Amino acid sequence: MSQTPNDPIFQSGTSTPQECEPKTKSAAKKEAKRLEKEAKLAAKSIKVGASTPAGEKKAKVEKEKKEAEAPFVNTTPKGEKKDLSEPMASGYNPIAVESAWYDWWEAQGFFSPQTNPDGTAKPEGRFIIPAPPPNVTGSLHIGHGLTVAIQDTLVRWNRMLGKTTLFVPGFDHAGISTQSVVERRLYKASGRTRHDLGREKFLETVWDWKNDYQTRITNQLRRLGGSYDWDRVAFTMDDKLSKAVVETFCRLREDGIIYRANRLVNWCVRLNTTLSNLEVDQKQLNGRTLLNVPGYDIKEKFEFGVITSFAYPIENSDEKIIVATTRPETMLGDTAIAVHPDDPRYQHLHGKYALHPFVNRRIPIVTDSIIVDMAFGTGAVKITPAHDPNDYEVGVRHNLEFINILNDDGTFNANAGDKFTGMKRFHARVAVVQALKDAGLYIDTKDNPMTIPICSKSGDLIEPVLKPQWWVNCKPLAEEAIRRTRAGEMVISPKQSEADWYRWLEGIQDWCISRQLWWGHRCPAYFVRIEGKEQDSTDDKWWVVGRTAEQATERAKELAGGAKFTLEQDEDVLDTWFSSGLWPFSIMGWPEKTEDLANFYPSSVLETGWDILFFWVARMVLLGIHLTGQMPFGEVLCHAMIRDAHGRKMSKSLGNVIDPIDVIQGLPLEALHEKLYEGNLEEKEIQKAKAGQKKDFPKGIPQCGTDALRFALCAYSGGGRDINLEILRVEGYRKFCNKIFNATKFAMLKLDDLFVPESIAKPTGNESLVERWILHKLNIAAQEVNQQLTERNFMMATNSAYNFWLYELCDVYIEAMKPMTDETASEATKKSAQQTLYTCLDHGLRLLHPFMPFVTEELWQRLPRRPNDPTPSIMVSSYPVFNEESVFTDANRDFDLVFNAIKTGRSLAASYNLQSDIQFFLHCQSDNDVALFKTQVHTMQTLTKGCKSVKVVRSTGEIPAGCGSTVLSHTVAMHVLVRGLIDIDVEIAKCDKKLDLARMNLEKIRKVEAGADYENTVPANVRLANEDKRKTFEVEVETLESSKEMFANLK
């Protein structure tokens, strides 16, 4: 049964003795105990001597505080190997343990791919991960920590399996996000805007920001232990990657995939740019809702979730036609009213016009069976082609006028009429409704459940507006991606994400890649302005693309046909995801035919969050297939989204965003508060965030270390979509690191100076039962962890490694071997126990290394090496795998039975509150059980605190009167002597209660076995298990009846 790190993990007998200098380690232990005892007696005598004289009031004595250790200072020169010649520290200090190793690994070249002499992958295979490039908008948060933990675990594991591995780091320029955060910081610091600085100066400011945060993020990634090949680090706006962006744009344009069109886009007024559909969130409203809108006074709230009905007057008539809208202000851009052609109510109005009450405009009444539902509302629909996606289609079908009423800054332009020109859009909403009322055209306003589009970056309400932009025709690319995915060229896990993948690709829409920003890759597209020719800049045919200005000029000459022209490069930049979509192959040197591209593309795995499956993964696949002819990776692994302990999304304004470095190093509450002022939060939001921090981290964040954080994040990863992160659980894994540290330190005492490991980790055949058992458990743990990592089940992989170390190696073998290595043990016994211990430590640390790189390296380097083993680091050692020579099925079964007896005995003794002089009697009914338990008496005594003796008996007559009893199986029962220590009537009552339960269970199983056609309908293995249960219940009833009778006779 799996355990959690919050369980007590320091059992009696596993503490590390004080380090002294007597001749032998056994003598050292005795000396340490003697000194400790003397110190306690001395302290007690001082206390007695200083007792308060009679009659005087006793002064309050302050508890002596443990002297705080001096902060650790790393003295290892950068890149050099840590000196471990000094004795191990008294306790586990993650900061000390994790120091120096990363720089040494990097200096030794361990992060670089190990290849054949010709640069090709080793025979064991290759494993390539292109790390998702974090945005340079700010420092990493705990979600990035999860990404690093999972990816680096896979990379380190595959490296130890002997494969050629490559883990490429990099950074994303994150156009909208970075420009937005720099603009806010600029305004907050100086009150200036980017326009005040100008494009060139502003971009210098952004580059400074980028360099600062790339350095910060790099340090975070190093602290998290990511074994990246830093010689290949990339940035999406590097020259090499920028060349790939230009090549992609030009090639897709030449292939007819990219086109320019004046179409509706998602316009964010706050950011002043277009967004893709994926960057727009849909907020559900259940009815009338008042909301603040970015860019307006915080005290202003506007009405949403309602539908307003009003009337248009019909030209040359007293008649009116009633329409309804959720956005009344858009009526200023109406250019038609649609009715159903079969609706008898409006057939007399076909071809007629309504009059706009506020602008000089005749509005045609058109018939359209697609957009109009006769049964909905009045059956008449106002059409605003330039500001609504559905209306846009109507405008195209009926060749309507497309009138844009919105300026880029969210104010209304002259097309909205004199009364509303210059008015902000939501002020105009209020004004339009009032004007309708004043004109007698307002009908009513009703609740209307609806969704409203929200910018995922700024929180502003999105406006559909007409803009000439560059678009990618995604349909043919998606069809090929679907075909190849179904053909098995790429697998997606978990399965839920695979279903989402097909659903999204099958309904894919064209992708708008233009962004009205300064920070990013400028479109390599040029408008050819021909002298003397009337041209429309929105018309695709007057544009050329060029990999260089020279190529663009040559193409423009051809287009101009000898006429004079000027080239005007598009001011817009490309969507960030356009460059990110090239990541797996642009980092390898594409479009050049480089060695890296030949050797390391396609990648093995793309690991990322499920929330950017479409933002990023889909675009890499679409572009990768089209540009390289290959799937960019063979596997997509989607991890969960980290939420706080309450299940809330991480948000700066809630104060629950966690920097992984704060978990590694620990941070007091006050320092957490101070970090809030580093961002762009308003004072009101800062106070709210402080309250959240105080509630969640009343004492600040405890120091946990990198290894505990990584292990915890992997342990959380079981395939779900969300992780509710508890910092206390991470702290629990710090205790696990402490356990590993102290257990290894103690075990090293058992490997004396004369100990030399065998040249290979192969059982000799002379191992004791407990040795064969632990070697078998190690073998099974290796098999499980490898299988679980292959299946990407990180939760179960960490669980297997955790359980081996804690509940099998530390709690059982290290305890059981103590008498096997003391002065009374034979040399052969001692040597065998030491070799087994060494193998368990060596392989056990390797087993943990991918999850916990630092503490495992620190401890592994302290172990002696096997003869002729030159392996310099645990990270390039061989990973433990299943070994047939270490399969001890019989030993596993036998010692499991013994250990079950030990645990049963402990529980039995605890139920009587026995803590010392415990005497067990093990009643065995078979020769095999007798023989087994007689050889394990010493082990059972060792593993049971306070045990005085264990006697194996064959008949009940050998069990003394006055014993409490319990049953292990139908052939083994455990008894403990309790005579004189119990209330007999209470014990008889206990027996009665247990008897009732045992008889009920026995009756149930007998009824099952007596069922009709039981022998023919129930599988043999089930019948066998039922028979074993029945026999055990029968023995339990018999034992309890005997115990009850025995207690009665004691009266």
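**Reading the model**

Me: Leaving aside its neighbours within four places in sequence, which residues is threonine 538 in contact with?
Reply: A contact here means heavy atoms within 4.5 Å. By that rule, and with neighbours within four places in sequence left aside, threonine 538 is in contact with Asn262 and Pro468. Threonine 538 and asparagine 262 are 276 residues apart in sequence, yet 6.2 Å apart in space, C-alpha to C-alpha. Before we go on: this is a predicted model, in which local features need pLDDT of at least 70 and side-chain atom pairs count only at pLDDT 80 or more, while totals for chains, interfaces and linings use all residues. Residues are numbered from 1 along each chain as its sequence is written, and side-chain values use heavy atoms, with hydrogens and water left out.

Me: Where does threonine 538 lie, and why does it count as partly exposed?
Reply: Helices (H or I, at least four residues) and strands (E, at least two) are DSSP runs, numbered from the N terminus. Buried means under 20% relative accessible area, exposed over 50%, and partly exposed in between, with a 1.4 Å probe and protein chains only. Threonine 538 sits in the loop between β22 and β23, and it is partly exposed because its relative accessible area is 24%.

Me: In what order do the strands β22, β23 and β24 come in their sheet?
Reply: Pairing comes before order: two strands pair if DSSP finds at least two bridges between them. The order in this open sheet of 3 strands is β23-β22-β24, with antiparallel pairing. At the edges are β23 (543–545) and β24 (565–569), each pairing on one side only. From one strand to the next, the twist averages 35°. Strand β22 (residues 525–530) is joined to β23 by 3 bridges, and tyrosine 526 stands opposite valine 544 in β23.

Me: Which helix packs on that sheet, and at what angle to β24?
Reply: For angles, axes are lines fitted to C-alpha atoms, for helices over the stretch in contact, and the values run from 0 to 180 degrees between N-to-C directions. Helix α13 (residues 549–560) touches β22, β23 and β24, and its direction makes about 135° with that of β24.

Me: What is the strand order in the open sheet of 4 strands?
Reply: There the order is β31-β30-β33-β32, with mixed pairing. The edge strands, each pairing on one side only, are β31 (947–953) and β32 (963–967). The average twist from strand to strand is 20°. Strands β30 (residues 918–924) and β33 (residues 972–977) run antiparallel and are joined by 5 bridges; leucine 922 has methionine 974 of β33 as its bridge partner. Helix α28 (residues 927–935) packs on this sheet against β30, β31 and β33, at about 155° to the direction of β30. Helix α32 (residues 1020–1049) packs on it too, touching β32 and β33, with its direction at about 170° to that of β32.

Me: How do α27 and α28 pack?
Reply: Angles under 35 degrees count as roughly parallel, over 145 as roughly antiparallel, 65 to 115 as roughly perpendicular and the rest as oblique. Helix α27 (residues 889–911) meets α28 at about 70°, with the axes 11 Å apart, and the two are therefore roughly perpendicular. Asp894, Leu897, Val898 and Ala901 of α27 make the contact with Asp929, Leu932 and Phe933 of α28.

Me: Which residues touch the most other members in the largest nonpolar core?
Reply: In soluble globular proteins, nonpolar side chains tend to be buried together. A nonpolar core is a set of buried Ala, Val, Leu, Ile, Met, Phe, Trp, Tyr and Cys residues joined through side-chain atoms within 4.5 Å. The largest one has 159 residues, and Phe736 and Trp805 touch the most other members. Helix α24 (residues 794–816) gives the most to this core, with 14 residues. Beyond four places in sequence, the contacts of tryptophan 805 include Phe736, Ile740 and Leu848. Another core, of 71 residues, lies apart and has Tyr526 and Val621 among its members.
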